[in-house]
Amino acid sequence: MPSYSDARLSEPLLQDEHDRGRRSSASARRPPISIPFSATPAPPPNTTAHHHHHHSPMANESASRGLLRSRSPASTVLLPTARLDARKRYTYASIFLVVSLVSFTIQTELASYIQHDLGWDKAYCMLYVTHSSWILLWPLQLAVLRAMRPEQEWRRFWEGHVRSLRAIALMVETRDVRGVVGRGRGRGADRYPHSPWPYLLRTTVFVTTALTVAGLSWYLAVSMTTPSDLTAIYNCSAFFAYAFSVPLLKERLRLDKMAAVTVAIAGVLVIAYGDGGFTEGVRSGGIGEATDPASRLTGNLIIGAGSVLYGLYEVLYKRFACPPDGTDATKGVIFANTFGSLIGAFTMFVLWIPIPALHVLGLEIFEVPTGRTAWLLAFSVLMNMLFSGSFLVLISLTSPVLSSVAALLTIFIVAVVDWYYTSTPLQPSTIIGGLLIIVAFAVLSWSTWREMNEEERTKQVDFSGDEED
């Protein structure tokens with residue numbers, strides 16, 4: 001679990017820089033926030049360093065060498081530190097990737113069993129209950145953080161946590177890492193005196209709306225189109241996530257990423273349309289093949305819109321609800337779960353409204369699950385909460401594109417689980433498509449790792465220590 005203990009990693013480095021200030025005015029004027037490649041102000045005219053360089057026969061060259069010497073130790077230390085920060089971010093992402101894959105596989109199998117075998121087929125109600133469970137993400141996270149600091153007084157712990165969330169929320173809103181970092185240290189309070197909560201409320205509304213409509217499209221199209229079309233079209237959201245990332249996240253068009261996304265979608269198509277490919281019952285039980293061409297076309301249009309919206313939801317969340325590059329990975333984990341709770345709260349207190357309307361219109365009769373169905377539904381909801389929290393963290397620490405392709409791995413994993421427990425044969429198309437998705441994920445992982453190293457090397461900022469003030 002992430003810890004606050006690495007909050008002051010750069011302080012010895014900053015102290016060394018202060019001691020070296022007697023030899024170089026450039027390092028003496030270095031700001032307290034360490035940014036490896038920032039420009040250093042020119043030394044004042046009456047410093048010792050300037051006097052020495054003025055009387056040197058090679059003044060300009062000596063000054064340049066002195067400036068390089070003053071930067072060299074810091075750069076030498078910060079470059080490995082940047083790699084460590086990138087490794088820390090990728091380690092967290094790997095852990096939450098495993099949690100998301102395992103929890104989604106369990107949740108998928110349980111949802112299929114509840115709907116198909118137990119007969120509790122309440123699409124919107126299940127969507128409402130599962131998304132409402134996200135409200136528990138922040139309280140559970142708070143309990144874990146508190147357990148890591150049992151010796152600290154509760155009031156001080158609570159105030160530090162709230163101050164940290166407020167600072168991260170301001171940074172999410174303003175996209176200004178350096179300006180908000182100083183807030184907890186007595187600097188920058190006048191720059192952003194406003195509250196970030198109205199911004200978060202607006203962001204929660206439109207991000208949750210995109211998520212809910214995308215999720216509903218699946219259930220609307222289930223009875224209208226074929227399972228193959230449903231699986232193939234909906235999982236094209238990885239392509240749309242990349243398409244929206246270019247204008248909204250300013251991502252560069254990279255050949256390796258474009259190729260990886262194409263290979264991943266090709267893998268989904270092979271699984272969906274291969275001979276005897278694995279599609280029946282993966283996402284929801286009892287899906288029948290639609291025979292009416294008009295109905296199939298309508299269903300495909302609906303699920304296509306849902307695929308676009310789901311890709312948009314991932315990018316909107318990354319752009320408007322995640323801390324910008326350069327922040328500490330621990331902060332990204334904490335805020336991802338906090339925003340997940342906001343989505344859960346909005347769902348719970350607002351999106352219950354359609355349930356009575358669906359009941360009155362006879363579109364979905366409301367029934368409270370009982371007995372075995374209730375227990376399995378509760379466990380399925382718990383697994384969905386773990387998956388959703390882990391998935392939000394994964395997007396925050398990496399990118400929507402990598403997270404989308406990672407989610408495609410669950411198609412192959414669920415197929416393997418079904419083969420193991422129900423003796424459902426693994427067809428060659430399932431194996432080939434799964435391998436294509438795995439290769440695409442490996443390529444994207446390597447590309448993301450390189451990008452993380454570049455970002456940490458150029459945008460490293462000490463944003464950790466609010467709780468310790």
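Modeller: Two residues are said to be in contact when heavy atoms of theirs lie within 4.5 Å, and with that rule S228, D229, T231 and A232 in helix 10 meet V268, L269, A272 and Y273 in helix 12. The residues of this contact divide into 5 nonpolar, 2 polar and 1 charged, where Ala, Val, Leu, Ile, Met, Phe, Trp, Tyr, Cys and Pro count as nonpolar, Asp, Glu, Lys and Arg as charged, and the others, Gly among them, as polar. The model is predicted, so that local features need pLDDT of at least 70 and side-chain atom pairs count only at pLDDT 80 or more, while totals for chains, interfaces and linings use all residues. Residues are numbered from 1 along each chain as its sequence is written, and side-chain values use heavy atoms, with hydrogens and water left out.

Biologist: What makes the stretches you number count as helices, and how many helices and strands does the chain have?

Modeller: A helix is a DSSP run of H or I with at least four residues, a strand is a run of E with at least two, and the numbering starts from the N terminus. By that rule the secondary structure of the chain comes to 18 helices and 0 strands.

Biologist: Why is helix 10 called roughly antiparallel to helix 12?

Modeller: Helix 10, residues 227-234, and helix 12, residues 255-273, pack at an angle of about 175°, with their axes 9 Å apart. Because angles over 145 degrees count as roughly antiparallel (under 35 roughly parallel, 65 to 115 roughly perpendicular, the rest oblique), helix 10 is roughly antiparallel to helix 12. The axes are lines fitted to C-alpha atoms, for helices over the stretch in contact, and angles run from 0 to 180 degrees between N-to-C directions.

Biologist: What makes K250 and R175 fall into their accessibility classes?

Modeller: K250, in the loop between helix 11 and helix 12, has 67% relative accessibility and so counts as exposed. R175, in the loop between helix 7 and helix 8, has 28% and is therefore partly exposed. K250 has a positive phi of about 60° although it is not a glycine, and phi of R175 is near 60°, likewise a positive value in a residue other than glycine.

Biologist: How do you know what joins the side chains of N337 and Q141?

Modeller: A polar contact is a pair of N or O atoms within 3.5 Å; within protein, one must be able to donate a hydrogen and the other to accept it, and residues adjacent in sequence count only if both atoms are side-chain atoms. The side chains of N337 and Q141 are joined at 3.1 Å, a polar contact. N337 is found in helix 14 and, at 9% relative accessibility, counts as buried.

Biologist: What is the reach of helix 16, and how do you know what was expected?

Modeller: The expected span is 1.5 Å times one less than the number of residues; for helix 16, residues 371-397, with 27 residues, the expected value is 39 Å, and the 40 Å from its first C-alpha to its last is close to it. Helix 16 is mostly covered, since 19 of its 27 residues are buried.

Key:
Buried < 20%, exposed > 50% of the residue type's maximum accessible area, 1.4 Å probe, protein only.
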